[in-house]
Amino acid sequence: MNKVINIILLIVSVAFVGCVQGDKPNKENEVIEKKIEALIRKMTLEEKLGQMNQITSYPNIEDLSNLIKKGEVGSILNEIDPVRINALQRVAMEESRMGIPLMMARDVIHGFKTIFPIPLGQAASFNPDIVEIGARIAAIEASSVGIRWTFAPMIDISRDPRWGRIAEGFGEDTYLTSVMGVASVKGYQGDSLNNPSSIAACAKHFVGYGAVEGGRDYNSTYISERQLRNVFLPPFEAAAKAGSATFMTSFNDNDGVPSTGNSFVLKDVLRKEWGFKGFVVSDWASVSEMISHGFAADAAEAAMKAINAGVDMEMVSGTYFKETPQLIQQYKVKESTIDEAVRDILRIKFMLGLFDNPYVDEKAPCIFYEPSHLAAAKQAAIESVILLKNEKQTLPIKSSVKTVAVVGPMADAPYEQLGTWIFDGEKEHTQTPLVAIKELVGSSVHIIYESGLAYSRDNNTQGIAKAVAAASKADVILAFVGEESILSGEAHCLADLNLQGKQSELLEALSKTGKPLVTVVMAGRPLTIEKEVEQSDAVLYSFHPGTMGGPALAEILWGEAVPSGKTPMTFPKVVGQIPVYYSHNTTGRPANRTEVLLHNIPVEAGQTSLGCTSFYLDAGFDPLYPFGYGLSYTTFHYGAPVLSATELKEKDVLTVEFEIENTGNYDATEVAQLYVQDKVGSVTRPVKELKRFMRVPLKAGEKRTLRFELPISELAFWNVDMKYGVEPGEFNLWVAGDSQSGSSVSFKVVL
Ligand code: NOJ
C-alpha cells in the first residue's frame, strides 16, 4: 500500500473512530434474538407484512406518515432529506403500534456526493483498499443525511460490454470481483453495522444478471448450475461470508426461472449452504414482474412464489401486503414463512442500532466533499486510469512542450465524467480535465481549448475544423472522447460500441495534422476503438472517473502520477467478438494465431475444416486488449516464478516467489498477477484463472523478490458430479503483468 493510501485511510478512519464498536459477542446476538421474538409475538399479520414492504418516497408526507403509523411500511427508498427522514422515523417510533424503526435506503453506488470512479474503473485499480475507502466515504456521507442502507456492491460477473450495467460491476473476472465485492461490503458496513456512519450493504443482483443474452438489459440467461457455481456465485458467497447484511434478487430469469422466484439459489444455496442470516430484497417490482415473465398469473401468485422462494422484502410492487392474508388463509403461504422473513429484517434493524438510535443529527456540520474524501477520490481515479498505448514515449508530456491543444467533448463535461448512478452527485463540484490542466500547468504551457464536438453523440461536424486549427498550432494534442454518462448504466445497452457521433472523424482529422495525438477515453464500458488507437500516439482509458477525474488525468498526463491501472475486462476489437474473455474453456480446436484471415483466402477456395481452429475470419482470435493489461511510463521485468514444491496435496499451501524489477526511469506501481490452469479435469477447465494479484510499488531501477501464497484448496471447482473439490493432476502457473504474458511453470496436485 502506498503512502497516499495510508494517509487517506488514517484520515478517514479518524473521522469515525469514536463510534467504532467491535463484533458483537454472542450474548448480544442472543439478546437481539430475544427482542425479535418478543416483537414477533406481539405483531399482527399486517404489521409483519408491513415490515416486508419497501416503498419509494413521495412528496406528500402526510400520506407517507399515515402508512407508517398503520405499520404498513418497513423501509423507504429514495428519501434523502434528513429533516423528513427524522419526521418519518419519529412516526414509526412514536406513533406506530410496534415502534419499529424504518430502514432508509438509497442507491449509493460509487459515492454519495464525492463521486469515485464507476465500479468498473475502481476494478481497474486492482486495489481493494481504494475500493474499501471509497465505500467507507460513501457510507460516511450518505449516513450523515440518515441513509442506512445502500444497494451495492453490484457483483455480477459480465463478459458483455454491450450491457450498460457493466459500468456498475467489477468486470469479467470471478476472483477480482470477489475481492472487490468484499472490500466494498467492508467499506459500507465499517467495523460494525451499529456504527452510525455504517450503512448496510446489499450484494446484488442475485444471480446471473450479467449474462443477459445479447447484453440486453432485463433479458433471459441460460447459465448451467456448474457455470453458476464456478463463475457467478463465488463473489456472492464471498460477500455473504464478509457479512453483507442484505442481498437483492436479479431481474433475469435463468433457464426459465426468474431469480425472484428461485428457491434453489435463495434457499438451498444462500441460506442452507452459505448460512446467510441477513435478508433478501427483491429488485424494483421484480415480484410483480413475474407476471410479465409469464411465471405468475396474477399478483397473488407472484407474491406466493416470491415469499416461498425466500424473498423477505418486496421493493415497491406492494403485492405482499395486499395478497398475503388470503394466501395464508388458502394455505399457500405459511405464517411461519412470514415470521422467518420478519425475523431476518428485524435482525438487521437491530444490528444497525436503529431501535436505540433511529434519528440522524440534522444539525451536524456537513461532511460532503471533505478534503480527505476528495483526496481519496483523486487517488482512486489515478489508480483507475489505464495506459493502453504510448508510442515514442509521447507521455508524460515533456517540459519542452509549450502549447497544448485540448479538444473533444469530454474535456470539459463535468456531468458526463461522473458516470452512471450519481443521483446525488453534483456537477458543480466536478473538476474536469480542462480546468485541472490549466491549474496544473499555470502559465508555463499555453492551452488552446476547442471541443470540436459539443457532446459525445454530436453529429455536427462544424466544430472539427476549429479543433484542427487549434491542433495545428500546438506541440501536442490532448483529445478527450468517450461516452456521456447516460449511455451506460441500467437499461442503457448498446449494440454498437464504436465511438458515438462524429468522434472518430474528429480523431482522424486531428491525427492528420501530424502532431502527437494523445487520446483520452472516458466511458462506462470498453469501446471498440481499434482504429482510433492506431491513429493515436498514446491512449489513456479512464472509465468515468468521477468528481476528481480532471486532476487525476492532468497529473498522469504531466507525469506527476504514473499510470498503473489494468483492464478489468477484455477489450474487443469488434462487437461481433463478444463474448470475449480470458478465462474461456479450452476448446477441442484452440486458436493458434496462424489462422488464414478473410483477405488471404483465395477466391473459389475449396471447403476445408482440417487444421482449422476456433476464430473469426474477419477478426481473428485475439481481442484488442486482454484482461489485466496496462502499460506504465516505466517497464517491468519479471523473473521466472519459483515454487515451494512441485508436488502438493489439497491441504498444502503453494508459495510462489518471483523477482520483479523496474527497468525504466520512473518510480511506479505494477499489478503483478498470478494465473493458474488446471490442465485436465473431469470437465473442461478455463485456459487460465486469476488466483492472486498485488500492487507492487517500485522505484526506478529497484528489484524486489515477492511472494504469493496459494492454498491448493483454492483450486477446487464444481466437477462433473457437481461436487466441489480439487482434482489431482498437472497445473500450469504464470506470474505476469497481464493475462497473456509470461511463461508458465508447472506443478502437480496429488491425492
Ligand atoms: C433497479 C436496479 O436494478 C437496482 O440495482 C437498484 O438498486 C434498484 N432499482 C433500486 O433503485
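Visitor: At what angle do the axes of helix α2 (residues 26-42) and helix α15 (residues 335-351) cross?

Guide: This is a predicted model, with residues numbered from 1 along each chain as its sequence is written. Local features need pLDDT of at least 70, side-chain atom pairs count only at pLDDT 80 or more, and totals for chains, interfaces and linings use all residues; side-chain values use heavy atoms, without hydrogens and water. Helices (H or I, at least four residues) and strands (E, at least two) are DSSP runs numbered from the N terminus. The axes of α2 and α15 (lines fitted to C-alpha atoms over the stretch in contact, with angles from 0 to 180 degrees between N-to-C directions) come within 10 Å and cross at roughly 130°.

Visitor: Which word describes how α2 and α15 lie to each other?

Guide: Under 35 degrees counts as roughly parallel, over 145 as roughly antiparallel, 65 to 115 as roughly perpendicular, and the rest as oblique. The crossing here is roughly 130°. So α2 and α15 are oblique.

Visitor: How many charged residues are in the contact of α2 with α15?

Guide: Contact means heavy atoms within 4.5 Å. From α2 come residues including Ile32, Glu33 and Lys35, and they meet α15 residues, among them Asp339, Val342 and Phe350. Nonpolar means Ala, Val, Leu, Ile, Met, Phe, Trp, Tyr, Cys and Pro; charged means Asp, Glu, Lys and Arg; the others, Gly among them, are polar. The contact has eight nonpolar residues, no polar ones, and the charged ones number six.

Visitor: What distance separates the centres of domain 1 and domain 3?

Guide: An automatic or database assignment sets the domain bounds. It gives domain 1 (2-351), domain 2 (373-557) and domain 3 (636-749). Taken over C-alpha atoms, the centres of domain 1 and domain 3 are separated by 35 Å.

Visitor: Where is Phe126?

Guide: Phe126 is not a glycine, yet has a positive phi of about 50°. Its place is in the loop between α6 (119-124) and α7 (128-143).

Visitor: Which strand holds His205?

Guide: The peptide bond from Lys204 to His205 is cis, with omega near 0°. Another cis bond joins Phe206 and Val207, with omega about 5°. Val207 is in the loop between β5 and α9 (225-232), whereas His205 is in strand β5 (residues 202-206).
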